[in-house]
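Here is a short report on a predicted model. It covers helix geometry, helix packing and the nonpolar core.

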Amino acid sequence: MPYLFPSRHLNHRWKHANPEAASHLFQEACEKVGIIGASTHSLRRSALTQMSNAGIPLRIVQEISGHRNARTIAVLLRG
């Protein structure tokens, strides 16, 4: 079965990309197209903001994000 985000590991076999490899690939892609200041965290924050703007309850956004405290996610979404 092919991987959605393949990455070659130390043993030179293809496996799924780990978070560090995905972040590195994202940064390389941003540099190639001239995007400055983007990160995998900014993607995460954008996704959570879009969920909130779509009317998904804060409790659900909190659960998806993995934040333990609702105040933390509320501050994150305010900017």
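## Contacts of Leu 76

Start with Leu 76. Setting aside neighbours within four places in sequence, Leu 76 contacts His 41, Arg 45, Leu 48 and His 67.

## The nonpolar core

Leu 76 also belongs to the largest nonpolar core, together with Leu 48, Met 51, Val 61 and Ile 73. That makes 5 residues. Two elements each give two or more residues to this core: helix H2 (40–53) and helix H4 (70–78).

## Packing of H2 and H4

The axes of H2 and H4 are 10 Å apart, and the helices pack at an angle of about 95 degrees. Angles of 65 to 115 degrees count as roughly perpendicular, so H2 and H4 are roughly perpendicular to each other.

H2 brings His 41, Arg 45, Leu 48, Thr 49 and Ser 52 to the contact. H4 brings Ile 73, Leu 76 and Leu 77. By class, the contact has 4 nonpolar, 3 polar and 1 charged residues.

## Val 61 in H3

Val 61 sits in helix H3 (residues 58–65). Its relative accessible area is 0%, so Val 61 is buried. Beyond residues up to four places away in sequence, Val 61 touches Leu 48, Met 51, Ser 52, Ile 56, Ile 73 and Leu 77.

Val 61 and Ala 47 are 14 residues apart in sequence. Their C-alpha atoms are 9.6 Å apart in space.

## Helix H1

Helix H1 (residues 19–33) has 15 residues. At 1.5 Å a residue, H1 should span 21 Å, and its end C-alpha atoms are 21 Å apart, which agrees. Gly 34 follows H1, with a positive phi near 80 degrees.

Notes
Residues are numbered from 1 along each chain as its sequence is written. This is a predicted model: local features need pLDDT of at least 70, side-chain atom pairs count only at pLDDT 80 or more; totals for chains, interfaces and linings use all residues. Side-chain values use heavy atoms; hydrogens and water are left out. A nonpolar core is a set of buried Ala, Val, Leu, Ile, Met, Phe, Trp, Tyr and Cys residues joined through side-chain atoms within 4.5 Å. Buried means under 20% relative accessible area, exposed over 50%, partly exposed in between (1.4 Å probe, protein chains only). Helices (H or I, at least four residues) and strands (E, at least two) are DSSP runs, numbered from the N terminus. Contact means heavy atoms within 4.5 Å. The expected span of a helix is 1.5 Å times one less than its number of residues. Axes are lines fitted to C-alpha atoms, for helices over the stretch in contact, and angles run from 0 to 180 degrees between N-to-C directions. Angles under 35 degrees count as roughly parallel, over 145 as roughly antiparallel, 65 to 115 as roughly perpendicular and the rest as oblique. Ala, Val, Leu, Ile, Met, Phe, Trp, Tyr, Cys and Pro count as nonpolar, Asp, Glu, Lys and Arg as charged, and the others, Gly among them, as polar.
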